[in-house]
Amino acid sequence: MILDQNELSVFSKLISFPKDIVIVSHRNPDGDAIGSSLAISAYLQSLSHRTHVIFPSEYPEVFEWMPGAKDIVVYDLQAQLTEDLIKNTELIICLDFNSLERIDKMGLMVAASTAQKMMIDHHLDPEPFTDIQISVIESSSTAEIIYEILKSLSPNSVKNPIILDCLYTGIVTDTGSFHHATSENLFRIMAEMKEAGLNDTLIQELVHNSLPDKYLKLLGHCLYNRMELISEWNLGIIHLTREDYRLFDIRRGDTEGIINYLMMLKSVRVGILIMNQPSIVKLSMRSKGSFSVQAICKEHFNGGGHRNASGGYWKKSLDEAILKIKEVFPKYIAPVEIEN
Ligand code: 5GP
Ligand code: MN
């Protein structure tokens, strides 16, 4: 991976003496948001910086085992503390998101802060709200970029067991266990991590094989009662109603991975999961090949992400969201790729 040496040396100078540092990632934090944040926090603490990791909303229970997770500040639960920390910090590191809109009301606090600001991210179309921007869209995950940054600043740091566990969690979740966004660089990093003593199978158990019983019941419901396949568009849609949220006691993280089942079908090129969450209709989209779900999310659902994995939200009803998809979808269907 080619890192911008100028940006890297500015960062290196910024952290050359101990500071108060706030590390921020996006709402509904996933494994990459959490893993990247806790890894860079552990590294900065080893250099005697005082760090705080802050997320807009709570993180899923499957990540509670992660080193440092218990100290994470959640804006939804600790608004005043969040405001004080952002107001008084000297450096804000924004991880795994590219627009202030992704951190809800914390966006206003970050915008108003006089602290130095830095972004490390891999999403398309980053917005220029930071002084330093390390954006590598080819990267599998923010964790992969952080591995490269830390390795270049201090080769021994990426052998630290805590940093290894956190970065591996980010990589394994954002690549869907190495199903997508892989590269030669990533597999080289994996080899280095294994040589440094990474226990990857243990982390796979903790992250993927530790779900509550209700997960499979909800999955069965989604596939049997809530799945719609529109074969002429190679589109699969699963929706979840408010009633489903109540009946299945759906909480943060419980819908993670459901969309991947749509993508297992040969007939599906684009998969969409629409969730009527308590306060908003949230959409997750996945696609195969050249079809860009990022464009649909950006143009119609206040969102974005990557070409093959994006998300967004909708402020009207669930039914209207489904109608909107069906209305705009035909405009995005590119001519079918001819295979040789
Ligand atoms: P997921 O579907 O797993 O929630 O997210 C897939 C990708 O889309 C992730 O890279 C995530 O950061 C991005 N994403 C999800 N929701 C939103 C959103 O509301 N806005 C933007 N800009 N990106 C999103
Ligand atoms: Mn990510």
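Biologist: In which strand does Gly311 lie?

Modeller: The model is a predicted one. Within it, Gly311 falls in the strand that covers residues 309-314. That strand is β12.

Biologist: Is Gly311 buried or exposed?

Modeller: Contacts of Gly311 beyond four places in sequence include Lys282, Leu283 and Ser284, and Cys297, Gly303 and Gly304 are also touched. Its relative accessibility is 17%, and buried means under 20%. Gly311 therefore counts as buried.

Biologist: What distance separates the C-alpha atoms of Gly311 and Phe301?

Modeller: Gly311 and Phe301 are 10 residues apart along the chain. The separation of their C-alpha atoms is 7.9 Å.

Biologist: Which residues coordinate the manganese ion (ligand 2)?

Modeller: The donor atoms lie at 2.2 to 2.4 Å from the manganese ion (ligand 2). In sequence the donor residues follow the spacing D-x63-D-x25-H-x51-D. With their donor atoms, the residues are Asp32 (OD), Asp96 (OD), His122 (NE2) and Asp174 (OD).

Biologist: How many residues apart are Asp96 and His122, and in which loops are they found?

Modeller: Asp96 belongs to the loop between β4 (91-95) and α4 (106-112), whereas His122 belongs to the loop between β5 (116-121) and β6 (132-135). The pair thus links distant parts of the chain, being 26 residues apart.

Biologist: How are helices α2 and α6 oriented to each other, parallel or antiparallel?

Modeller: The axes of α2 (residues 31-46) and α6 (residues 161-174) come within 7 Å and cross at roughly 160 degrees. Angles over 145 degrees count as roughly antiparallel, so α2 and α6 are roughly antiparallel.

Biologist: What classes of residue make up the contact of α2 with α6?

Modeller: The crossing of α2 and α6 is left-handed. From α2 the contact includes Gly31, Asp32, Gly35 and Leu38, and from α6 it includes Cys166, Leu167, Thr173 and Asp174. Asp32 and Asp174 also coordinate the manganese ion (ligand 2). By class, the contact of α2 with α6 has eight nonpolar, five polar and two charged residues.

Biologist: How are α1 and α5 oriented to each other, perpendicular or parallel?

Modeller: Helix α1 (residues 5-14) packs against helix α5 (residues 142-153) with the axes 11 Å apart, at an angle of about 65 degrees. The crossing is right-handed. On the angle criterion, α1 and α5 are therefore roughly perpendicular.

Biologist: How many nonpolar, polar and charged residues does the contact of α1 with α5 have?

Modeller: In this contact, Leu8, Phe11 and Ser12 of α1 meet Ile149, Ser152 and Leu153 of α5. By class these are four nonpolar, two polar and no charged residues.

Biologist: Which residues make the contact between α12 and α13?

Modeller: The axes of α12 (residues 293-300) and α13 (residues 318-332) come within 11 Å and cross at roughly 130 degrees. The two helices are therefore oblique to each other, and α12 passes α13 in a right-handed crossing. The residues in contact are Ala295, Ile296, Glu299 and His300 of α12 with Lys324, Val328, Phe329 and Tyr332 of α13.

Biologist: What is the phi of Asp104?

Modeller: Asp104 lies in the loop between β4 and α4. At 35% relative accessibility, Asp104 counts as partly exposed. Although Asp104 is not a glycine, its phi is positive, at about 55 degrees.

Biologist: And what value is the phi of Asp249 near?

Modeller: Asp249 is located in the loop between α10 (242-247) and α11 (258-263). With a relative accessible area of 35%, Asp249 is partly exposed. Its phi is again positive in a residue other than glycine, near 50 degrees.

Key
Residues numbered from 1 in each chain as written. Chains lettered and ligands numbered in written order. Predicted model: local features only at pLDDT ≥ 70, side-chain atom pairs only at ≥ 80, totals over all residues. Heavy atoms only, no water. Donors = N, O, S within 2.8 Å, 3.2 Å for Na, K, Ca; no water. Helix = DSSP H or I, 4+ residues; strand = E, 2+ residues; numbered from the N terminus. Axes fitted to C-alpha atoms, helices over the stretch in contact; angles between N-to-C directions. Parallel < 35°, antiparallel > 145°, perpendicular 65-115°, else oblique. Left-handed = near helix turned anticlockwise from the far one by under 90°. Contact = heavy atoms within 4.5 Å. Nonpolar A, V, L, I, M, F, W, Y, C, P; charged D, E, K, R; others polar. Buried < 20%, exposed > 50% of the residue type's maximum accessible area, 1.4 Å probe, protein only.
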